[in-house]
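Okay, thanks everyone for coming. I'd like to walk you through a structure that may be new to you, so let's get it up on the screen.

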Amino acid sequence: MKIRTRLTILFTCITAAILLAFASVIYLSASKSRESEFYVALKTEAITKANLFFDARVETKTLQTIYRNNRKELNVVEAAIYDSSFNLLYHDAVEIDFVKETKSMIDEVLQKGEIRFYQKGWQVVGLAYSFEHKHYVVTAAAYDRYGYNKLYSLRRTILFVFAVALLLSYLCGIFFSKKTFSPVQQMIGKAKNISATNLDLRLDTGNNKDELSELANTFNEMLDRLSSSFDAQKHFVSNISHELRTPLAAIITELELSQNMQRSIEEYKDVIHQSLSDARKLARLSNSLLDFAKASYDPSEISFKEIRLDELLLDAQSQVQKVNPEYDIDISFEKEFEEDDLISARGNEYLLKTAFANLMENGCKFSPQKQTAVAISYDEQMVVITFTDKGIGIAAEDLPHIYQPFYRGANKAFVEGHGIGLPLTYKIIRLHRGTISVSSVPNEGSTFTIRLPHL
């Protein structure tokens, strides 16, 4: 069921509940008012009949004749008069005697002064009446046919008005829900036309500052991010293709030449050496791309555990020097520590070791002395690790772009690379809720500072 339909039904139900409550109050109030008014009329009729009987001394037959002549009229009252000993002094119609008075009823009236009750839809009132210092009881009963007819007419009117109001509220609900969701329908129509080929399309936010405008702005911001992501992906794929094409083309060319031309053993060895070098470049590139993909995972999909960062730095040092024995990597502690938690963090061992190894390798690779100094320290919230080299440095114009995949700055002529190491390191540190910053002076060296939160 669509939201518009649900809102229409909900609006109709709420309106129906309000109308029903309002109508119930009106009907109950009218019913209570009818009851009270008729009891007052009965009381007045009972007192009048008693006054005629005692004060005016109208004969019994005359009063009964009046009653019988008016029985066919609406709301005719049947009255009876008893003394305190339950002796019947007067009755409009003994043969009818609708109330069927009892001695206990008479005693109750004398005790309370007045009683009121229903008997088979008839209203009955019993009154204590005094005349010449003697106590009597007067009862009066009647069926309020006129009042009940008015209540029936009121009930029928209420039901009719309720049905009409319910229909109108449903139609109004349809109109208002359609009016309210009209901008949503327009958004849906525009959103259906947006695809990967036209991510430049945007939803109309309008001039209002309501929730729908906020939703459109949020959707447009999402499209901006998607567009940037698509562009970055295209750029990434283009760079990968270029990086893969060069060594593959070199390998193919060397092998084809070797196949088509007769060469000496030394020449064949040289071809194999070149091919192995290009194959190793491809392997390093593939490993870097795999690590880059891992660093882009959702943090919830990566296993984290408690890690001592000093031990991890030693593992990264061993890994780098195993491949490059000529690299000189020095690790030092700037502060003494008594608890392991001060230099520990929660993270993924493989990814953090990859990040540290990248920074160590870069420091040595871009330094004529092939040296990198690593220092570990801490404060109340963070573990602080610095990687310092005295290499060629990074140009000021290149600093804003060093974390972009495949970006190579002015120092690319100094050593070969793919431009993945620093972007990979940046992603890994961000994945661990840390920060990485750099300060560099060309021809003097660079310092990368990593801050990772404690456990």
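Predicted model: local features only at pLDDT ≥ 70, side-chain atom pairs only at ≥ 80, totals over all residues.

Let's start with a pair of residues in helix H1, which covers residues 3-54: Lys-32 and Glu-35 both sit there, 3 residues apart, or about one turn of the helix. Those two form a salt bridge, with the closest N and O atoms 3.5 Å apart.

Now a salt bridge of another sort. Glu-132 and Arg-57 meet through their side chains at 3.9 Å, N to O. Glu-132 is in the loop between strands E4 and E5, and Arg-57 is in the loop between H1 and helix H2, so this pair ties together parts that are 75 residues apart in sequence. Both of these residues are exposed.

Then there's Glu-311 with Arg-308, another salt bridge, where the closest N and O atoms are 3.8 Å apart. Here Glu-311 is partly exposed, with a relative accessible area of 43%, and Arg-308 is partly exposed too, at 24%. We also get a network: Lys-43, Glu-114 and Arg-116 are joined by salt bridges that share partners. How many salt bridges turn up in the whole structure? The search finds 12.

As for cysteines, Cys-364 is buried, with a relative accessible area of 0%, whereas Cys-172 is partly exposed at 35%.

Let's step back to the whole chain. We've got 10 helices and 12 strands and 455 residues, 36% of them buried. If you take contacts between residues at least 6 apart in sequence, 66% of those join residues at least 24 apart. The accessible surface is about 27800 Å², and 56% of that belongs to carbon and sulfur atoms.

On that surface, look for a nonpolar patch of about 740 Å², made by eight residues you can pick out, among them Phe-160, Val-164, Leu-168 and Ile-174. Val-164 is in helix H4, residues 145-180, and counts as partly exposed because its relative accessibility is 36%.

Last stop, a hairpin. Strands E1 (residues 78-83) and E2 (residues 88-91) pair in the antiparallel sense over 3 bridges. Ile-81 stands opposite Tyr-90 in E2. Between the strands there are 4 residues, and Phe-86 takes a positive phi near 65° in this hairpin.

Definitions and conventions: Residues numbered from 1 in each chain as written. Heavy atoms only, no water. Patch = residues over 30% accessible without salt bridge, like charges linked within 9 Å, V, L, I, M, F, W, Y side chains within 5 Å. Areas by Shrake-Rupley, 256 points an atom, 1.4 Å probe, with all protein chains shown as cover. Salt bridge = Lys/Arg side-chain N within 4 Å of Asp/Glu carboxyl O. Helix = DSSP H or I, 4+ residues; strand = E, 2+ residues; numbered from the N terminus. Buried < 20%, exposed > 50% of the residue type's maximum accessible area, 1.4 Å probe, protein only. Contact = heavy atoms within 4.5 Å. Pairing = 2+ DSSP bridges.
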